[in-house]
Amino acid sequence: MKKIIYLFQVLLFSTVAVVAQRPPSISSPDVHADNSVTFRYFSKTAQKVTLAGEFLANPVAFKKDTAGIWSVTVPPIKPDIYPYSFFVDSVQIADPNNTYIFANERFKRSIIDIKGDKPLVHSLQNVPHGKINYCYYQSSTLGTTRQLLVYTPPGYNPFSNIKYPVLYLIHGGSDTEETWTKVGRANLIADNLIAQGKAKPMIIVMPYGNVRPAPMPDFTKDVVNDIIPFVESNYSVLTDSKNRAVAGFSVGGGQTLNIGLTNTDKFAYICSYAPYTATDEFKKNFTDWNPDVANINKQLKLFTISVGTEDFLYESVKQNIAMFQEKKVKLNPFIVSGGHTWMNCKLFLANTLPQLFQ
C-alpha cells in the first residue's frame, strides 16, 4: 500500500512539474472589430520583444506583464493579407501561436488576414472553387524528381473534351512553390474573377524556381523541356503559344522575362511583377540585345511589367521598361504605389488575369 501511495505521489509531482513548465495558453493575433490587432508572445527570460510587419512603418515594442506574457496592440490595419514576425532579443521568429506561416526558405514570418467589411479579390467567397494539386515530375534537365502545384478551375474534368489555357506562375526569391497559394491566394483570385466572368477558366502551374546547386539559368530549361511537357501530358490543356502565359514576382519576375522573351514562340503572354534582373542570365540575354522586334510583337498578345513606386527595385525596373521600349517591343507598364510586397503581388495578378487568353 505504501508503495502504491509513493508511486501516486511521484506521478502527481511529475504532472505538476510538467504543467508548471508548460507555457500559458495565449491567443495571437487577435483582430478586433475596428481592425486593430493585438499580438502576444510568452517568455519569462526574453529581454526585449518587438513586432515587425508590412502594415507598420517601423517595428514596435511589446510590453511584458508579471506572468511573462508580452503584448502589443497596433492601430486599425487596412484590409489585406500581411506578413509579420517577432524579434526576440534580435532573433527573428514566426508567431508561435499562429499556424498561418509564410511559405519561405529564408524569412521566418507569419501571416495575418485583415478581412474588412467587403470581400477582397483574394478573399474566400461563396463561388465555385477550383482545386490545388500537388504533383511530382521528373526533371531530365536537373536529373531529379521535383514538386509543383497545379490549380485546376471549377468544373475541370480531365475526361471531358474541354481544354484549357495555362499560366505558368513563378514565386519570388527564397519563396517556394506554395507561396503563390498560401500568401498570394492565386487560386482564390482566379476563383473569384472566373465567377465574375472577368477571367477565363485556366490552369495555373506553380513550379519551384530554385534549382540550386544547379545553375539558376537551368530553370528556364526545366520549364521548357520538362514542366511544359509534364503538364501537357497530364492535364487537358491547349498547347499553342496563344494559350500559354508566364508570370512571376521578383526573382520570378526576372525568370519570367528570361523564359518568355527567349521563347516568344511558346508564350504569347508575359507578365513580369517587380522583376529582379541583376542576374547572369538576364545580362547574357539582354545586354546588347538585338531582337527581331517585328516578329516578337507579332507573337506577343500581352507583355506587361508591373511595379510599385516604393519598391526597392523601382529604378531598375524603370530602366528595364525604358530598354524594352527603346527596342520598340510593345509593352504595357503597370505602375502603382506600394513596395516590394505580396500585397502588390496580389494586385498585379488580379490586374493581369482578366487580360490573359482573350
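In which loop does A274 lie? A274 lies in the loop between β15 (269-273) and α6 (280-286), where helices (H or I, at least four residues) and strands (E, at least two) are DSSP runs numbered from the N terminus. This is a predicted model, in which local features need pLDDT of at least 70, side-chain atom pairs count only at pLDDT 80 or more, and totals for chains, interfaces and linings use all residues. Residues are numbered from 1 along each chain as its sequence is written, and side-chain values use heavy atoms, with hydrogens and water left out.

**Backbone geometry**

- Most residues other than glycine have a negative phi, and most peptide bonds are trans.
- A274, a residue other than glycine, has a positive phi near 45 degrees, and it counts as buried at 0% relative accessibility (buried means under 20% relative accessible area, exposed over 50%, partly exposed in between, with a 1.4 Å probe and protein chains only).
- D89, in the loop between β7 (80-88) and β8 (91-93), is not a glycine and yet has a positive phi of about 50 degrees; at 36% relative accessibility, D89 counts as partly exposed.
- S28 and P29 are joined by a cis peptide bond with omega about -5 degrees, and P29 is found in the loop between α1 (2-21) and β1.
- A cis peptide bond also runs from R212 to P213, with omega near 10 degrees, and P213 is placed in the loop between β13 (203-207) and α4 (218-234).

**Sheet**

- Four strands form an open, antiparallel sheet in the order β1-β2-β6-β5, where two strands pair if DSSP finds at least two bridges between them.
- β1 (30-31) and β5 (63-64) stand at the edges with a single partner strand each, so one side of each is left without a neighbour in the sheet.
- β1 pairs with β2 (residues 37-42) in the antiparallel sense over two bridges, and the bridge partner of D30 in β2 is T38.
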